[in-house]
Amino acid sequence: MQQKLPLARLETIANDIREDIIRMLEHAGSGHSAGPLGLADIFTALYFDVMKYDPKDPAWEERDILLLSNGHCVPVQYATMAHAGFFERKELMTLRQLGSRLQGHPERTKLPGLENTSGPLGCGLSQACGMALAMRLDKRLQRRIYVVMGDGEQDEGNVWEAAMLASKYQLSNIVAITDRNNIQIDGPTEKVMPLEDLHAKWQAFGWHVIEINGNDIEAVIDACAMAKAIVEKPVMILAHTVPGKGVDFMEYDFNWHGKPPDHQQAVKALHELRTLGGRIRSEHE
Amino acid sequence: MSEMHLIDLGGKLEQEPIRKGFGRGLLAAGQRDIHVVAACADLTDSTQMSLFKAEFPDRFIEIGVAEQNMVTVGSGLAAMGKIPFVSSYAAFSPGRNWEQIRTTICLNDRPVKIVGSHAGVSVGPDGATHQMLEDIALMRVLPNMVVIAPCDSLEAEKATLAMAEDKRPNYLRLAREATPVITTAKTPFEIGKAYVFAKGADVTLIATGTMTYQALVAADKLYKDGIEAEVVHVPTIKPLDSATILKSVQKTGVVVTAEEGQIVGGLGGAIAELLAEECPAPLRRVGMLDRYGESGAPAELLEHFGLDAKHIRLAAHAVLDAKPKN
């Protein structure tokens, strides 16, 4: 992105992305709601402020890389990519259908602009390590690699294997963002498999840790800028988000981790998003 | 036999571990192409990556004992245009990290070169945990994956160089113990090709990896029994060279397979699938019979589990007995 967009504009984009997520999931009839809604601000910040890329040339060699490690949250990435000009928004309605480029979990070979195939958890950081090591050999360290990870996926041992490697090789062009929304399929993360003290864990693994409100777009942008100043360590941004953000009956409820809204729920959710929770009047009504 | 440029088995054979050929091949591949990189999970000498590491320290990545991370890092390296070779013992890679290989390498279509050393019971005293027997089956079921088991160190060297130029994900299976060198610099090797190492009209012996030498020895013994065996060496188990295999089976009508691994899902499984659909013929499979290995000296174990020329010869007699009489 060349020109910096004002914060109000970014917030509108994030809201539009949330509305598209609701429409896509309702239409698909399956998929994950809470995570994608909670990640809309982070994805807006990444695609509309932080990252360097060209939607008309997804293979551009100087582009920054975004790896979505928790692939089940891909509806937020598809919606954001459509708003960023990778493809038309109407294609969003093909999510999870036979022949669609928008697979239920992201498949790189199907859709230009995706950097990895994911879904099975815990792999994104390892792939980022490989990419960062290759960039170092090619002396292209100005390229940055953003890895969006779930908190639940940090139950996976593979995550910590990668954490050690990134630290050993001082892969400072990796910026990982943990979507710390405290829920996973079976319930609250701290009940399913306690992760805390997550901050201390990443620090102990040799990472620079920044903790932010992940639903504050400005905070995400600032944290990514701060990460550029860290040159000897990889950076972990622990982004506290509200699962289901923007739709009050979904917020904080782990039951919305893995299911889509039905028609009535979608209407209710879209009304709430359009009116920002009743604070403004929707032009649709 | 002459057009294959093989060593005469009657003479004194040089013996060398197959993995040594990989070490030389990787070094040569690294010299030819700057994009070749290597990663290892704490077994750099054992897997013979040490030659490459000494020559190209910057292009070598020590992953530590973390095989899941290793192959997934390989996926990332390949994404940036590198040609990554990643090695460990076959029991751990591809034994432990199958799903990462499936998702981030095969489905993601990244040309990572997975090298599994110390396959088979001939690992010896380390015992069943380290004697990988299921790797061929595990890798063979993955779409996009190429599976290669060279018969000697020289062929391993050629296979490694060919893998560096191949655009697909590859699995290379290596063995620990010294194995007779039966090929020469002139013996052809191409990924996806099977080779007739000995001509015969009575029975087809199809072998891969360390068992190809044993099949050639068995063919010699069978000749003395009055049976002319055709030995088809199958270094590439996937994709299978069906044409070469079927041509031989159409001639002989009976088949024995031989491998140092599980017959279930391995080379024996692959040949059984091919024959059942294309050319039903009596078949006997020599290999591990749905069981695990145990500690012992390599030669003792090969005999104990029936993985030698003697058992291939017995299987050939058995399958000839099963041949329908016209």
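Biologist: What should I know about the numbering and the model before we start?

Modeller: Residues count from 1 along each chain as its sequence is written, while chains are lettered from A and ligands numbered from 1 in the order in which they are written. The model is predicted, so local features need pLDDT of at least 70 and side-chain atom pairs count only at pLDDT 80 or more, while totals for chains, interfaces and linings use all residues.

Biologist: Why are H4(A) and H5(A) called roughly parallel?

Modeller: Helix H4 of chain A covers residues 124-137 and helix H5 of chain A covers residues 157-168. Helices are DSSP runs of H or I with at least four residues, strands are runs of E with at least two, and both are numbered from the N terminus. The two helices pack at about 25 degrees, with axes 8 Å apart. Axes are lines fitted to C-alpha atoms, for helices over the stretch in contact, and angles run from 0 to 180 degrees between N-to-C directions. Under 35 degrees counts as roughly parallel, over 145 as roughly antiparallel, 65 to 115 as roughly perpendicular, and the rest as oblique. H4(A) and H5(A) are therefore roughly parallel.

Biologist: Which hand does the crossing of H4(A) and H5(A) have?

Modeller: That crossing is left-handed. The term applies if the near helix is turned anticlockwise from the far one by less than a right angle; clockwise makes it right-handed.

Biologist: Which residues of H4(A) and H5(A) meet?

Modeller: A:Leu125, A:Ser126 and A:Cys129 of H4(A) meet residues of H5(A), among them A:Val159, A:Ala162 and A:Ala166. Contact requires C-beta atoms, placed from the backbone, within 7 Å. Nonpolar covers Ala, Val, Leu, Ile, Met, Phe, Trp, Tyr, Cys and Pro; charged covers Asp, Glu, Lys and Arg; the others, Gly among them, are polar.

Biologist: What makes H1(A) and H3(A) oblique?

Modeller: Their angle is about 125 degrees, with axes 9 Å apart. H1(A) and H3(A) are therefore oblique to each other. Their crossing is right-handed. Residues in the contact include A:Ile17, A:Ile21 and A:Met24 of H1(A), and A:Val76 and A:Ala79 of H3(A). The classes are eight nonpolar, two polar and two charged.

Biologist: How does the length of H1(A) compare with the 32 Å expected?

Modeller: H1(A) spans residues 7-28, 22 residues in total, and reaches 31 Å from its first C-alpha to its last, close to the expected value. The expected span is 1.5 Å times one less than the number of residues. Buried residues of H1(A) pack against H2, H3, H8 and H9 of chain A. After H1(A) comes A:Gly29, with a positive phi near 80 degrees.

Biologist: How do you know that the span of H1(B) agrees with expectation?

Modeller: H1(B) covers residues 18-32; its 15 residues should span 21 Å, and its end C-alpha atoms are 22 Å apart, which agrees. H1(B) is mostly covered, with 11 of its 15 residues buried.

Biologist: Why is B:Leu77 called buried?

Modeller: It has 29 other C-beta atoms within 10 Å. Buried takes 20 or more other C-beta atoms within 10 Å, exposed 12 or fewer, and partly exposed lies in between, with C-beta atoms placed from the backbone. B:Leu77 is therefore buried. B:Leu77 lies in H3(B), residues 67-79. Beyond neighbours within four places in sequence, its contacts include A:Gly130, A:Leu133 and A:Ala134.

Biologist: Which helix of chain B gives the most to the side that touches chain A?

Modeller: In total, 25 residues of chain B are in contact with 21 of chain A. H3(B) gives the most to that side of chain B, with nine residues. The side divides into eight nonpolar, 12 polar and five charged residues.

Biologist: What makes A:Lys139 and B:His5 exposed?

Modeller: A:Lys139 has 7 C-beta neighbours inside 10 Å, so it counts as exposed. B:His5 has 12 other C-beta atoms within 10 Å and is therefore exposed. Phi is positive near 55 degrees in A:Lys139, and positive at about 55 degrees in B:His5. Most residues other than glycine have a negative phi.

Biologist: Where are cis peptide bonds found?

Modeller: One joins A:Glu196 and A:Asp197, with omega about 10 degrees. Another joins B:Lys238 and B:Pro239, with omega about -5 degrees.

Note on methods: Contact = placed C-beta atoms within 7 Å.
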